[in-house]
Amino acid sequence: MSVAAHFDSYSAARAHFKELLDAARRGRVATVQRESGRAAVVDADRLRVSLVGVLPSPQVVAEDGGWSVLLPGVPVAADASTFDDAIDEMVLALREYADDWQERLLDAPNHRNNWALVQVVELSDDAQLREWLAGSAQ
């Protein structure tokens with residue numbers, strides 16, 4: 001018996017929804033096949049932690065009497081007079097970017113590869129984002 005949870009249709013997955021979610025929560029492979037492709041169901045915290053590991057490290061730098069936060073290769077940055085304010089501003093900037101990406105940027109050639117960043121932002125609370133951003137400076 002396989003410990004993974006593979007369902008060949010939406011109907012089968014719906015009939016075994018608890019099993020599908022339990023498999024994902026435990027870290028097992030959980031998939032649903034549809035005509036247009038296969039989808040994976042994963043535990044949100046596991047996904048967030050894994051994706052943080054593949055993102056560029058946030059850069060927090062002191063400059064001109066203040067602080068700047070940026071992510072190399074990503075069009076999001078923040079500046080403020082204090083370290084904490086710069087981190088807070090970056091959290092807000094990331095939330096705004098994730099909203100814009102979901103609404104209109106996901107198909108733009110220069111933004112579509114930021115999928116992992118958007119997933120991290122959407123799967124994180126503000127404290128988790130602050131910890132990730134500030135972690136590189138501590």
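**View 1. Helix 4 meets helix 6 in this predicted model.** From helix 4, the residues to look for are Phe83, Ile87, Asp88, Met90, Val91, Leu94 and Arg95, and their partners in helix 6 are Asp126, Leu129, Arg130, Trp132, Leu133 and Ala134. Sorted by class, the residues of this contact comprise 9 nonpolar and 4 charged, with no polar ones. The two axes come within 10 Å of each other and cross at roughly 120 degrees. Since angles of 65 to 115 degrees count as roughly perpendicular and those over 145 as roughly antiparallel, helix 4 and helix 6 are therefore oblique to each other. Their crossing is right-handed.

**View 2. A closer look at Leu133 and its contacts.** Setting aside neighbours within four places in sequence, you will find Leu133 in contact with Pro58, Val60, Val69, Ile87, Met90, Val91 and Leu94.

**View 3. The largest nonpolar core, with 29 residues.** Which residues touch the most other members of this core? They are Met90, Leu94, Leu117, Trp132 and Leu133. Strand 6 (77-80), helix 4 (83-105), helix 5 and helix 6 (126-135) each contribute at least two residues to this core. Helix 4 provides the largest share, with 11 residues. Another core lies apart from this one; it has 8 residues, including Ala5, Leu20, Ala30 and Val32.

**View 4. Helix 5 and what covers it.** The buried residues here are Ala116, Leu117, Val118, Gln119, Val120 and Val121. Their cover includes helix 3, helix 4 and helix 6. Leu117, one of the buried residues of helix 5, is also among the residues that touch the most other members of the largest nonpolar core.

**View 5. Helix 3 packs against helix 5.** Helix 3 (residues 44-52) and helix 5 (residues 115-123) pack at an angle of about 135 degrees, and their axes lie 9 Å apart. This pair, too, is therefore oblique. The crossing of helix 3 and helix 5 is left-handed. On the helix 3 side, the contact involves Ala44, Leu47, Arg48, Leu51 and Val52, and on the helix 5 side Trp115, Ala116, Gln119, Val120 and Leu123. By class, this contact has 8 nonpolar residues, 1 polar and 1 charged.

Methods:
Residues numbered from 1 in each chain as written. Predicted model: local features only at pLDDT ≥ 70, side-chain atom pairs only at ≥ 80, totals over all residues. Heavy atoms only, no water. Axes fitted to C-alpha atoms, helices over the stretch in contact; angles between N-to-C directions. Helix = DSSP H or I, 4+ residues; strand = E, 2+ residues; numbered from the N terminus. Parallel < 35°, antiparallel > 145°, perpendicular 65-115°, else oblique. Left-handed = near helix turned anticlockwise from the far one by under 90°. Contact = heavy atoms within 4.5 Å. Nonpolar A, V, L, I, M, F, W, Y, C, P; charged D, E, K, R; others polar. Core = buried A, V, L, I, M, F, W, Y, C linked by side-chain atoms within 4.5 Å. Buried < 20%, exposed > 50% of the residue type's maximum accessible area, 1.4 Å probe, protein only.
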